[in-house]
Amino acid sequence: MSIQIYNTLSKSKEDFVPIEPGKVKMYVCGPTVYNYIHIGNARPMIVFDTVRRYLEHKGYEVNYVSNFTDVDDKIIKKANEEGVDSEVISQRFIAECKKDMQALNVKPATTHPQATQEIDGMLEMIETLIHKNHAYPVPDGTVYFRTRSFPGYGKLSHKNLDDLRGGNRSLLVTGEDQKEDPLDFVLWKPKKEGEPSWESPWCDGRPGWHIECSVMSKRYLGEEIDIHAGGEDLIFPHHENEIAQSEAANGKPFAKYWMHNAFLNIDNRKMSKSAGNFFTVREILEKYDPQVLRFFMLSAHYRSPLNFSAELMEAAKNGYERIATSVENLNYLIGKGVSGEPTSSERSGELTEEEKELLREAASYEEKFDEVMDDDFNTADALSVIFELVKFCNTKAAEPHSKAFLEALKAKILGLADICGLIVERKEEMLDEEIEALIEERQAARKAKNYGRADQIRSELLEKGILLEDTREGVKWKRA
Ligand code: AMP
Ligand code: ZN
């Protein structure tokens with residue numbers, strides 16, 4: 001069976017057929033970096049990292065792009081409060097965000113572009129849009145997208161243009177009285193005192209928010225991509241506007257599948273920085289293992305709202321422990337040689353016919369796992385399948401079996417957990433000297449431009465709970 005993805009565009013599950021066989025081009029809208037990320041922001045990161053891991057498990061090569069929005073009113077406000085450049089704020093919180101992602105075992109994107117590094121591409125796209133009559137500058141230098149010039153506007157959010165009339169207040173940034181139509185949205189806006197700005201043919205200024213994703217997606221993935229994703233608050237206006245900009249500029253359909261995660265709530269209200277009802281990832285990791293937070297996020301389907309509570313976190317902790325304990329038990333038995341009496345097969349190192357049959361039974365859980373994940377990435381059911389496998393392994397581990405058999409059972413649990421990005425094997429603590437030797441090797445690999453090895457070392461250390469931080473003073477490390 002092929003993978004089915006719920007597409008916001010068609011409001012239905014569709015067979016996943018990538019544009020290019022075997023390859024997936026995927027763009028996930030990332031955070032605005034003016035503070036530590038909260039666990040609501042971590043939901044799309046974990047969910048879409050799991051989608052990526054599952055696609056990779058199915059053999060696809062995934063080109064995964066996720067941006068950092070580093071020019072924004074909130075960043076500027078914070079920079080002005082601290083009396084520093086907004087770049088200082090954005091760079092600080094990009095670094096902090098990457099640390100949180102690493103702790104949560106979210107793989108780094110293939111590319112993490114930043115808006116301020118992509119201004120030329122934005123100017124180019126805005127010029128194209130003006131040239132094609134999809135955009136216009138007004139006397140104060142603001143450039144607007146002419147929303148009604150794009151016939152498909154509203155197709156993602158399933159809104160009708162006339163219902164939207166005047167309802168787009170959040171887009172009225174500056175010079176709104178000069179707009180041709182209240183529906184038009186900003187592509188470029190004039191600078192204000194104390195704001196970062198760039199030269200442009202229209203005025204010194206800065207880009208609107210939506211244009212950055214259209215431009216970065218095109219630059220790193222091409223004009224047509226497979227999956228575009230983010231939280232459901234982005235459907236309108238952000239993603240609707242991205243579609244209008246990209247399709248009007250490129251003359252091609254933009255993304256084939258639009259995926260949106262539901263909110264992480266607290267007391268049944270969306271967790272958000274502006275409402276003040278949030279916990280940062282950092283705060284939660286002071287109390288819980290990062291793997292427990294990841295488990296919690298995957299315990300609901302990504303399109304269902306998830307309410308954060310201490311009870312649910314405890315349930316996630318118990319669930320995670322159940323898997324980790326089973327692996328620990330298998331490791332103990334493997335170390336001991338066999339569970340119970342040694343068998344002749346253990347001496348010969350071969351699996352018995354009975355054990356081969358049992359492994360076939362264990363493999364049926366892997367098939368079941370794929371079945372539920374094929375159904376629009378149902379991670380809640382996938383975790384239930386892992387529990388079933390764990391139960392099966394615990395039962396079999398209580399019987400006398402060969403070491404090879406126990407190793408094979410353990411590999412099955414680790415394999416499924418890894419697709420979910422869950423690290424369930426607690427490794428023995430590494431000694432400081434071992435860590436430092438690996439860090440030195442990583443530095444040497446990077447110097448030799450052997451980035452593959454350097455990344456491998458970072459992952460190996462992460463698996464052992466060691467977090468690396470590249471700072472100006474060199475590499476620092478700490479235990480998670
Ligand atoms: P922002 O920094 O607000 O632009 O958000 C970055 C990403 O986090 C976007 O994909 C948002 O949709 C998502 N997001 C923000 N708050 C929540 C939440 N409470 N639950 C789920 N996703 C969220
Ligand atoms: Zn975006």
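Start by selecting Glu433, Glu434, Glu436 and Glu440, which form a negative surface patch. A patch takes residues with over 30% relative accessible area and no salt bridge, with like charges joined within 9 Å. Asp and Glu count as negative, and the place of a Glu charge is taken as CD. Now pick out Glu434: this residue sits in helix 15 (residues 432–447). Helices here are DSSP runs (H or I, at least four residues), strands are E runs of at least two, and both are numbered from the N terminus. Glu434 is partly exposed, at a relative accessible area of 41%. On this scale, buried means under 20%, exposed means over 50%, and partly exposed lies in between, using a 1.4 Å probe and protein chains only.

A word on what's on your screen: this is a predicted model, where local features need pLDDT of at least 70, side-chain atom pairs count only at pLDDT 80 or more, and totals for chains, interfaces and linings use all residues. Residues are numbered from 1 along each chain as its sequence is written, chains are lettered from A and ligands numbered from 1 in the order in which they are written, and side-chain values use heavy atoms, with hydrogens and water left out.

Zoom out and colour by domain. You'll want domain 1 (4–261), domain 2 (318–419) and domain 3 (432–479), with bounds from an automatic or database domain assignment. The centres of domain 2 and domain 3, taken over C-alpha atoms, are 31 Å apart.

Next stop, Phe236 and Pro237. A cis peptide bond joins the two, with omega at about 0 degrees. Pro237 belongs to helix 7 (residues 235–250). Stay in helix 7 and select Asn241, which is buried at 0% relative accessible area.

Lys11 is in the loop between strand 1 (4–7) and strand 2 (12–15); its phi is near 55 degrees, a positive value in a residue other than glycine. Lys11 is exposed, at 52% relative accessibility. Then jump to Asp267, between strand 11 (264–266) and strand 12 (269–270). Phi of Asp267 is near 50 degrees, again positive in a residue other than glycine, and Asp267 is exposed at 67%.

Now for the salt bridges: a side-chain nitrogen of Lys or Arg within 4 Å of a carboxyl oxygen of Asp or Glu. The count comes to 37. Arg52 is buried at 7%, while Glu56 is partly exposed at 25%.

Move on to Arg303 and Asp376, a salt bridge whose closest N and O atoms are 2.8 Å apart. Arg303 lies in the loop between helix 9 (290–298) and strand 13 (306–307), and Asp376 in the loop between helix 12 and helix 13 (379–397), so the pair ties together parts 73 residues apart in sequence. Arg303 is partly exposed at 31%; Asp376 is buried at 0%.

To finish, select Glu96, Lys99, Asp100, Arg282 and Glu469, which are linked in a network of salt bridges.

Technical notes
Patch = residues over 30% accessible without salt bridge, like charges linked within 9 Å, V, L, I, M, F, W, Y side chains within 5 Å. Areas by Shrake-Rupley, 256 points an atom, 1.4 Å probe, with all protein chains shown as cover.
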